[in-house]
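Subject: Structure handover

Hello,

Here is the structure you asked to look over. Please read the notes below with the coordinates open.

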Amino acid sequence: MISVIIPTLNAQSELPATLSALVPGVVSGVIRDVIIVDGGSTDKTLAVADAAGATIHMSEPGRGLQLSEGAEVARGSWLLFLHADTVLETGWDQEVGAFMDRIDCGVRPEAAAAFRFALDDLGFLPRVIEAGVSMRCTLFRMPYGDQGLLIPRRLYGSVGGYKPLDLMEDVDLIRRLGRARTIILRSRAITSAIRYRRDGYMKRVARNWICLLMYYFRLPNSYIARFYGLR
């Protein structure tokens, strides 16, 4: 069964839809628990989580740290890391259940899985970005955190889990997993486009690519975080 781990920080507007999409997994018995790891929200995020029956764990802010702490308190044999502004599309629980069964029964080797990326916005630019992400995942098997990550607990532990990074924690973990142990599912993870509309689609994409280059050139994570605007 899955423990869903969601890092939050002032996510009251996005979190209800994210949690609602998990209900079919609870009903079907795929989900064991949902853990909200909050980094110090000052809005109604905790009230939303409590009303949904989620387990609340308080943490220092920092997505890598929050994800790591969530994994430590999770009870499921599988972990699903999910952003607070990402909604899994209808039917995700059936595909995920089949994927886990094949691994748990030894039919296929142990692996992690991410969802296909989608944005909840109309127009040409969102579709271009989705196509670019699809190409990246096809060529390099490199999903980002906004695509979710489903992983057996034992595999998560064997690769060292999430590091307490402010940024690039998702790329860091996927690199340690490697292409052969990373699968892209058919179901979509639909991410809020609010930040893309606010920052400008191309500006945000360019900033993400620059941060990725900084990471590969081994610049300090604190420097990347400042460039991104987290500090």
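This is a predicted model: local features need pLDDT of at least 70, side-chain atom pairs count only at pLDDT 80 or more; totals for chains, interfaces and linings use all residues.

Salt bridges

The count comes to eleven salt bridges. One of them joins the side chains of Arg 195 and Asp 85, with N to O at 2.9 Å. Arg 195 sits in helix H9 (residues 194-199), while Asp 85 belongs to the loop between strand E4 (78-81) and strand E5 (86-88), so this pair ties together parts that lie 110 residues apart in sequence.

Asp 199 has salt bridges to Arg 204, where the closest N and O atoms are 2.7 Å apart, and to Arg 207, where they are 3.0 Å apart. Through shared partners, salt bridges join Asp 199, Arg 198, Arg 204 and Arg 207 into one network. Within it, Asp 199 and Arg 204 are both buried.

Asp 146 is in the loop between helix H6 (124-140) and strand E7 (149-152). Asp 146 is buried but has no salt bridge. What is Asp 146 in contact with, leaving aside its neighbours within four places in sequence? The contacts are His 83, Thr 86, Phe 117, Ala 189 and Thr 191.

Strand E1

Strand E1 (residues 2-8) is mostly covered, with seven of its seven residues buried. In a regular strand, side chains alternate between the two faces of the sheet. Here both faces of E1 are covered: one side carries Ile 2, Val 4, Ile 6 and Thr 8, the other Ser 3, Ile 5 and Pro 7, and all of these are buried.

E1 pairs with strand E2 (residues 31-38) in the parallel sense, over seven bridges. Val 4 has Val 34 as its bridge partner in E2. E1 also runs parallel to E4, to which four bridges join it; there the bridge partner of Ser 3 is Leu 79.

Regards

Definitions and conventions: Residues are numbered from 1 along each chain as its sequence is written. Side-chain values use heavy atoms; hydrogens and water are left out. A salt bridge is a side-chain nitrogen of Lys or Arg within 4 Å of a carboxyl oxygen of Asp or Glu. Helices (H or I, at least four residues) and strands (E, at least two) are DSSP runs, numbered from the N terminus. Buried means under 20% relative accessible area, exposed over 50%, partly exposed in between (1.4 Å probe, protein chains only). Lys and Arg count as positive and Asp and Glu as negative; His and the chain ends are not counted. Contact means heavy atoms within 4.5 Å. Two strands pair if DSSP finds at least two bridges between them.
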